[in-house]
Amino acid sequence: MSIRIAIISDTHFGVGRNTERFEDSWETAEEAFEKSKDCDLILLPGDIFDTRIPRPEDWAKSMKILSQVDVPVVAIHGNHERRGRGLINPVEGLDQAGFLKHLHCNHVVMDIKGKKIAIHGMSSVPEAYAKEVFKAWNPKPVEGAYNILMLHQSIGSYVFNPLEPPSLTLDDLPEGFDLYISGHIHWTEKTKVHGKYFLIPGSTVTTQISKSEAKSPKGFFVVEINGDEKVEFIKLDSARKVFYKEFKVDHEKSSDINEKIDEYL
């Protein structure tokens with residue numbers, strides 16, 4: 001019997017407030033969760049919200065979406081949600097309200113269709129300390145379970161912000177896990193580490209214009225476990241299209257440059 005796991009990352013609820021893009025995060029998330037209805041487990045690798053202290057309206061919308069999910073949801077918080085020691089972040093708030101299970105340097109084991117699924121999660125920490133925190137946590141696979149390692153960091157060459165270079169690399173990820181996942185990066189990537197899939201689902205919504213995001217479709221991954229893994233990327237039809245164009249100029253007048261841009265548009 002197969003088990004289907006949806007991995008939906010970086011929904012950034014509330015992004016684009018007071019702009020025409022404000023509904024984008026809600027529309028794409030609703031489509032993603034609707035297309036995950038046949039899944040047995042949903043993983044959220046961080047940045048569910050766009051801010052550390054969401055507005056009541058954003059709380060209400062997020063809870064309405066999550067209240068319609070009838071399978072377990074396991075999440076970590078991202079850098080957009082990270083708060084200081086002793087303060088509750090919004091993902092922890094959703095945990096305490098019963099909408100999901102929040103992880104940070106710990107794991108949870110679930111029985112799904114008679115199979116043990118162990119989800120190990122480290123929520124976002126400042127990039128400079130990620131390797132140190134990860135080493136101190138030192139996650140170990142649970143024997144007899146399908147083990148998933150979930151992070152929200154820049155890792156190795158997958159850098160979201162060049163001003164915050166990553167301290168973690170793919171080589172730092174321990175062997176023995178069946179699936180590796182990272183949020184935070186807003187474009188999609190599928191590769192392997194230690195012979196197992198390493199997945200970056202990307203964001204469901206565009207938060208900034210970049211060449212990488214313009215080239216990568218918005219969506220989420222579904223991993224089907226039935227002996228071997230089958231990985232499928234589900235594209236979101238409601239995602240706003242992004243176009244990225246570079247213009248080379250050489251001592252041209254601003255009016256000529258603007259004319260080129262207008263012609264392209």
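R4 and E224 pair through their side chains in a salt bridge, 3.4 Å from N to O. The partners come from distant parts of the chain: R4 sits in strand β1 (residues 3–7) and E224 in strand β11, 220 residues apart. The model is predicted.

R4 is buried, at 17% relative accessible area. E224 is buried too, at 19%. Buried here means under 20%. Salt bridges with shared partners also bring in D38, so that R4, D38 and E224 form one network.

## Other salt bridges

The structure holds 12 salt bridges. One of them joins K113 to D40, with the closest N and O atoms 3.3 Å apart. This pair also links distant parts of the chain. K113 lies in the loop between β5 (106–112) and β6 (115–122). D40 lies in the loop between α1 and β2, 73 residues apart from K113. K113 is partly exposed, at 45% relative accessibility, whereas D40 is buried, at 15%.

E252 and K260 form another salt bridge, 3.1 Å from N to O. E252 is partly exposed, with a relative accessible area of 29%. K260 is also partly exposed, at 33%.

## Helix α1 and its cover

Helix α1 spans residues 24–34 and is mostly covered. Eight of its 11 residues are buried: D24, S25, W26, T28, A29, E31, A32 and F33.

What covers these buried residues includes strands and a helix. Among them are β2 (41–45), α2 (56–67), β11 (219–226) and β12 (228–235). Strand β11 also holds E224, the salt-bridge partner of R4.

Conventions: Residues are numbered from 1 along each chain as its sequence is written. This is a predicted model: local features need pLDDT of at least 70, side-chain atom pairs count only at pLDDT 80 or more; totals for chains, interfaces and linings use all residues. Side-chain values use heavy atoms; hydrogens and water are left out. Buried means under 20% relative accessible area, exposed over 50%, partly exposed in between (1.4 Å probe, protein chains only). Helices (H or I, at least four residues) and strands (E, at least two) are DSSP runs, numbered from the N terminus. Contact means heavy atoms within 4.5 Å. A salt bridge is a side-chain nitrogen of Lys or Arg within 4 Å of a carboxyl oxygen of Asp or Glu.
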